[in-house]
Amino acid sequence: VQLQASGGGLVQAGGSLRLSCAASGRTISSYDMGWFRQSPGKERKFVASIKWSGGKTYDVDSVKGRFTVSRDNTKNMLYLQMNRLEPEDTAVYFCAARPRGVVAGTPYNYWGQGTLVTVSS
């Protein structure tokens with residue numbers, strides 16, 4: 001499956017953005033999907049995931065109820081709605097996929113190219 005993230009940009013603190021991830025090659029109904037982010041000089045970190053069945057997981061410390069992950073299998077799309085953005089959310093955001101049914105903690109093996117989100121104070 002090929003993934004392409006989009007929707008990043010420059011936004012003021014307190015604003016919102018909606019990231020999208022378009023999948024091609026295979027239907028995402030066969031995959032668990034996730035969002036990760038990488039801030040300058042830091043390692044890539046988990047943000048949120050949504051299983052093929054719809055179950056969601058968030059990095060609570062960083063997301064704090066501000067982000068919502070969703071998917072539309074009919075459109076082969078993954079989304080991340082980000083509200084009340086903070087300067088600390090500035091990062092390149094990546095979407096990722098792994099086959100459904102794998103053991104929890106299995107690394108994602110398909111990655112999009114990333115989209116930059118910059119939050120100004």
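Which residues form a disulfide, and how far apart are their sulfur atoms? Cys21 and Cys95 form the disulfide, with their sulfur atoms 2.1 Å apart. The model is predicted: local features need pLDDT of at least 70, side-chain atom pairs count only at pLDDT 80 or more, and totals for chains, interfaces and linings use all residues. Residues are numbered from 1 along each chain as its sequence is written, and side-chain values use heavy atoms, with hydrogens and water left out.

**Disulfide**
- The count comes to one disulfide, defined as a pair of cysteine sulfur atoms within 2.5 Å.
- The disulfide of Cys21 and Cys95 is right-handed, because the torsion about its S-S bond is about 65°.
- The pair links distant parts of the chain, 74 residues apart: Cys21 lies in strand β3 (residues 17-24) and Cys95 in strand β9 (residues 91-99). Strands are DSSP runs (E, at least two residues), numbered from the N terminus.
- Cys21 is buried, at a relative accessible area of 1%, and Cys95 is buried at 0%. Buried means under 20% relative accessible area (1.4 Å probe, protein chains only).

**Arg37**
- Arg37 belongs to strand β4 (residues 31-38) and is buried, with a relative accessible area of 11%.
- The Arg37 side chain makes polar contacts with the side chain of Asp89 (2.9 Å) and with that of Tyr93 (2.8 Å). A polar contact is a pair of N or O atoms within 3.5 Å; within protein, one must be able to donate a hydrogen and the other to accept it, and residues adjacent in sequence count only if both atoms are side-chain atoms.
- Leaving aside neighbours within four places in sequence, Arg37 is in contact (heavy atoms within 4.5 Å) with residues including Glu43, Val47, Phe67 and Glu88.

Terms used:
Helices (H or I, at least four residues) and strands (E, at least two) are DSSP runs, numbered from the N terminus. Buried means under 20% relative accessible area, exposed over 50%, partly exposed in between (1.4 Å probe, protein chains only).
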